[in-house]
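Keep the model open beside you and try each task before reading its solution.

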Amino acid sequence: MPDEKSFHMTPDEFRRHGHAVVDWIADYHSRIESFPVLSQVKPGEIRASLPANAPTRGEPFEALLKDVERLILPGVTHWQSPNFFAYFPCNASGPGILGDLLSSGLGVQGMLWSTSPACTELETHVLDWLVRMLGLPEKFLSSNAGGGVIQDTASSAALCALLAARERATNYTSNQKGCDGRIVAYASTQTHSSLEKAAMIAGIGVSNLRLIEVDDKFAVRPEALARQIEADKRAGLVPCFVCATVGTTSSNAMDPVAEIAKICGRHNLWLHVDAAMSGTAALCPEFRHLQNGVEFADSYNFNPHKWMFTNFDCNCFWVADRKALIKTLSILPEYLRNQATESGAVIDYRDWHIQLGRRFRSLKLWFVIRHYGVEGLQHHIRRHVQLAQEFAHWVREDENFELAAPVPLNLVCFRHKGGDAANQTIMERLNRSGDLFLTHTKLNGKFTLRLCVGQTNTGARHVERAWRRIREEAEKITAP
Ligand SMILES: Cc1ncc(COP(=O)(O)O)c(C=O)c1O
């Protein structure tokens with residue numbers, strides 16, 4: 001019988017096309033500054049350029065790569081551009097990309113230790129490394145009562161923390177019975193919106209997530225938190241969880257973790273520390289004071305996929321008491337039973353997060369840490385912070401601009417003194433120009449520009465140019 005057509009890509013074809021893709025990525029990174037940072041396409045434009053139906057016949061790989069260039073690139077906002085200053089960084093690096101490629105190549109699904117022991121053990125090991133690298137408490141180590149796990153995002157980490165807190169506060173009965181509307185959780189008005197989503201999903205209810213007021217630095221007021229907890233207890237409610245943020249998304253505010261921890265201790269509440277955006281800074285000992293009090297946290301997370309050169313997605317989440325998390329999230333159907341699990345000698349990460357299946361994400365994290373070394377990572381973080389501090393200095397010195405919040409690290413919140421409309425116009429013109437990409441927030445009700453320095457290749461010339469372009473646009477709108 002003649003060989004049937006397989007339709008598959010042969011190993012030799014894969015090798016050839018793989019080289020072409022790696023070349024394409026390397027070239028893309030070399031020419032990234034030639035693209036407008038913010039995609040300039042209109043809604044629907046990309047879809048309109050695609051065929052209405054899927055091809056019946058397979059196409060040559062060269063055609064696919066050509067279409068990436070022709071059809072997809074115009075619709076890409078270039079997060080890896082050194083002129084990307086919007087939202088928060090989502091930086092990537094050669095070792096991160098290659099680690100991710102290897103993960104795809106191995107195609108491992110690591111739901112259980114036994115479905116790929118290396119996937120679990122490397123993850124545990126790298127997360128233990130990070131405990132020491134970030135100056136986190138020893139209780140988070142897997143050799144103690146805690147442990148770390150890679151989640152897809154900080155949103156999932158917050159949800160897992162909230163679920164475990166809810167279970168602990170109800171003596172592990174709410175998974176069975178559901179919530180009775182009496183469980184309450186606490187965050188600040190500046191806490192990331194993922195906490196609100198977590199409250200919805202965890203059945204706590206958004207109105208039972210108390211958003212506590214903040215001070216003039218946008219950090220939560222501990223005395224207001226304590227007052228609210230006491231009032232809720234008097235009303236017969238069951239407080240269970242507080243989220244403290246080390247680096248809020250809007251303005252990089254730092255909640256006073258140590259003071260919040262004292263309150264949590266008094267009321268036996270689960271303290272979750274969200275350092276998604278800024279936690280990477282703790283690689284440098286001089287920035288660790290910002291997380292003082294983390295030693296009292298029940299859980300902590302940060303996003304290497306934001307500022308630690310590990311391409312999306314990669315969130316690191318630790319708990320002080322892994323038993324509480326596992327008891328909350330574990331269900332064991334017959335078809336997943338195996339000897340290693342029964343022996344109790346292994347970690348099965350499926351019990352540490354929402355989904356069952358999981359990718360081999362620790363490979364890219366391991367590659368990044370080994371490629372840069374702690375020293376290399378510290379070098380870049382310090383550089384980013386220094387560049388942001390210089391930018392803040394220029395803002396302070398310019399009579400037409402003002403800072404809108406303290407600048408503890410790499411995010412500068414600032415505004416032109418001409419008012420909301422002027423700031424909005426400056427931002428829109430800059431973003432339309434494609435030269436750089438900035439986003440905004442509202443602080444004290446005022447439209448505020450945000451410039452976050454954290455892309456892999458952002459250097460002095462990019463920040464200097466950004467400031468020059470901002471002033472140029474400002475001059476245009478204020479010219480008589
Ligand atoms: C402080 C903080 N928490 C949570 C998040 C949510 O991150 P993720 O996209 O990983 O869910 C972000 C980023 O947007 C953040 O800055």
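Is Tyr87 buried, partly exposed or exposed? Tyr87 is partly exposed, because 18 other C-beta atoms lie within 10 Å. The cut-offs are as follows: a residue is buried if 20 or more other C-beta atoms lie within 10 Å of its own, exposed if 12 or fewer, and partly exposed in between, with C-beta atoms placed from the backbone.

Before going on, please note that this is a predicted model, in which local features need pLDDT of at least 70 and side-chain atom pairs count only at pLDDT 80 or more, while totals for chains, interfaces and linings use all residues. Residues are numbered from 1 along each chain as its sequence is written.

**Exercise 1. Look at the backbone in the loops.**

Step 1: Recall the background. Most residues other than glycine have a negative phi, and most peptide bonds are trans.

Step 2: Go to Tyr87, in the loop between helix H3 (61–72) and helix H4 (94–106). Its phi is positive, about 35°, although Tyr87 is not a glycine. Helices (H or I, at least four residues) and strands (E, at least two) are DSSP runs, numbered from the N terminus.

Step 3: Move to Phe309, in the loop between H11 and S7. Phe309 has a positive phi of about 60°, and it is buried, with 30 other C-beta atoms within 10 Å.

Step 4: Find Asp313, in the loop between helix H11 (304–307) and strand S7 (315–319). The peptide bond leading from Phe312 to Asp313 is cis, with omega near 5°.

**Exercise 2. Describe how H6 meets H12.**

Step 1: Take the geometry. The axes of helix H6 (residues 154–169) and helix H12 (residues 322–329) come within 9 Å and cross at roughly 90°. Axes are lines fitted to C-alpha atoms, for helices over the stretch in contact, and angles run from 0 to 180 degrees between N-to-C directions.

Step 2: Classify the angle. H6 is therefore roughly perpendicular to H12, a class that spans 65 to 115 degrees.

Step 3: List the contact residues. H6 brings Cys160, Leu163, Ala164, Glu167 and Arg168, and H12 brings Ala324, Leu325, Lys327, Thr328 and Leu329. Contact here is C-beta atoms, placed from the backbone, within 7 Å.

Terms used: Angles under 35 degrees count as roughly parallel, over 145 as roughly antiparallel, 65 to 115 as roughly perpendicular and the rest as oblique. Two residues are in contact if their C-beta atoms, placed from the backbone, lie within 7 Å.
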